[in-house]
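Dear colleague,

Please find the structure for your review directly below.

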Amino acid sequence: MAVQRYAVGLLFSSTGPYSVVSRSMMNGALLALDEINTSSDLGVTLEPVARNPAGSNANYAAMADALLSKGIKHVVGCYTSSSRKEIIPYFEKHDALLWYPSHYEGFETAANVVYTGAAPNQHIIPLIDYLTVNHGNRAFCIGSNYIWAWENNRILRETVLARCGSVVAERYFPVGETGFASVIDAIIAARPSFVFNTLIGTSAYQFFRDFRRHAAEAGINQARDMPVASCSLSEPELDEIGQDAVDGHISASVYFASLKSAANAAFIASYRARFPKGPAPSADAEASYLAVKLLGISLAFAGTEALPHVKAAAARLEIEAPQGKVRIDEATLHTYLTPRIGRSTKSAQFEVIMEAKAPVRPDPYLVRSSPRFDIAVPPRAVRLVS
Amino acid sequence: MSWRLIQNFSGSRAILCLEANASADALTRTLSNLGLTVEKRHPGEQAFEDPSSLNPDRDVLFVDGDIDAGSIWPAPYLNLNPPAPVIGLVGHEAPSRLKTLLQCGATALLRKPVLGAGVYSALFAGVNAYRHRRHLEERLKEHESKRRGRRSLIKAIVHLVRHEGLDDEAAYEFLRKESMHSRQSVEAFCETYIRQLDCRETEAFGAPSRHAACAAIRSEGRRS
């Protein structure tokens, strides 16, 4: 059988502010690439063309344009929504396909993007369900000042208020901020049922450490009485938080490295063998892995890299991923995934404490789970703290 | 009467009045993902002869400004608040085309070619601006009818001052309380009150007392 060769762009920021997660995503993509290229029955070779935008949106735009101008039709990459929004127009202009492998806040269904990470109904909605049933309905929201935090906090606020709960406060900090003493005092004074965290990167790691320490000084068992819940916390980030404050955090995700299945055991073993220095495998690494797997198999079935054929082939696939069965929803080009809730342990892993029975259909606009009307909340005069 | 923003359009019906092309495909796909059902009309078809069949709380129209969109509504509806929200698709950014779209009642515009991005924004702005406009028009109608009723209110106050020995404040307070009892606006109540006075005056000897007039209004209310 003649082997078809296709160039595939890889656009991950292996340096810069969110490089820890991006490097694990790159590793997941490379692992799948190896598996596709060594598979004897697919007859496809993917040739990676990797670029490092270093976390700068301007670099994403320039590099995506350059890759697509070379005639590359398929690119796997991006972590932040802002970088994805930045490069979508180039994919529309060149009629190419971006395989976006990260959880995100939803409200997009671009015809030139396949989304293999979790949509909001697959992470934040199950998380709110878990928190309100098990911890109470008084939320304190703390986040980095950008779309991820704003949108997740809106969903949380609407859902919690509809259940007669309350949002004690909503505080935003610039990305990279590490001074949290005054907000921690406010949280300890307010004694919410839980803290909903949408801080990212170094800000989040610092907050976890400081909050744990201050709560202990105030005689509070923080993990038990005021747990911090996130939709974005992953294993490589637990390593960054450090030993003193690593355990007892709640995270919603479609994948945890601790999942017990043959497919996951194989994934973890090959990942650790190929990348012994880390970073640890994460949900976004698994999403990147399955993006490249789905792309490679779709290319093999389509026999061409033309978009309509590849998209049609992708929509017919169901593969056994490390997280379980996954498939692409043809209407939204998002993926059926299995929501789970995990609690972090001392060994920087998550124990799964809740799991959906079957893969859940993606609902990027939350048309099946959000109220028709906006909830009237008085506009806030000030958003940014510090 | 309150007015609230719609954010989830699931269950709404989109009616596309545009030629079959890539924009129509992208629009259909994105609207379906947003939970709307999509129906298509061919430009030039007299599809909207009966605007009363449209439901402004459910339907939203997408109209291509590059076709002769003036025929979308029968003439009496042009330049008025249309029977359902309209979103205009803009190809030629020319005054004649934009004017046509606004005459059809467009409250949001969407640039062609449609690619998916921008559809939710146009839907959000278009439907909510339409609802806000309709809300303001209803408020305006309400105020107009109140304004017309002021004449009866003045007549009723003058009557109470003249015949019942009340001062104007006490007269107004009396009418306001009675209108609340009968669950009407004070203006609508005064209209009935004045009618009662007139009609009973001709039937009997002289004008009835205010209490007799109010009792008559109440018993009428119970009968109806």
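The notes below cover the conventions, then the salt bridges, then the interface.

This is a predicted model, in which local features need pLDDT of at least 70 and side-chain atom pairs count only at pLDDT 80 or more, while totals for chains, interfaces and linings use all residues. Residues are numbered from 1 along each chain as its sequence is written, chains are lettered from A and ligands numbered from 1 in the order in which they are written, and side-chain values use heavy atoms, with hydrogens and water left out.

Salt bridges

Over all chains, the structure holds 30 salt bridges (a side-chain nitrogen of Lys or Arg within 4 Å of a carboxyl oxygen of Asp or Glu). One of them joins A:R274 to A:D34, with the closest N and O atoms 2.6 Å apart. This pair links distant parts of the chain, 240 residues apart: A:R274 is in helix α10 (residues 262-274) and A:D34 in helix α1 (residues 19-38) of chain A. Helices (H or I, at least four residues) and strands (E, at least two) are DSSP runs, numbered from the N terminus. A:R274 has 38% relative accessibility and A:D34 has 30%, so both count as partly exposed; the class lies between buried (under 20% relative accessible area) and exposed (over 50%), with a 1.4 Å probe and protein chains only.

In chain B, B:E39 forms a salt bridge with B:R13, the closest N and O atoms being 3.3 Å apart. Because B:E39 lies in strand β2 (residues 37-41) and B:R13 in strand β1 (residues 13-17), the pair ties together parts that are 26 residues apart in sequence. B:E39 is partly exposed at 30%, whereas B:R13 is buried at 16%. Both residues belong to a network of salt bridges that also includes B:R41, B:R58 and B:D59.

The interface of chain B and chain A

Here, 17 residues of chain B are in contact (heavy atoms within 4.5 Å) with 19 residues of chain A. The buried area, that is, the accessible area (1.4 Å probe) that two parts lose on being put together, summed over both, is about 1600 Å², and carbon and sulfur atoms give 45% of this area. Zero salt bridges are found across this interface, but six residue pairs (both at pLDDT 80 or more) are in polar contact. A polar contact is a pair of N or O atoms within 3.5 Å; within protein, one must be able to donate a hydrogen and the other to accept it, and residues adjacent in sequence count only if both atoms are side-chain atoms.

With kind regards
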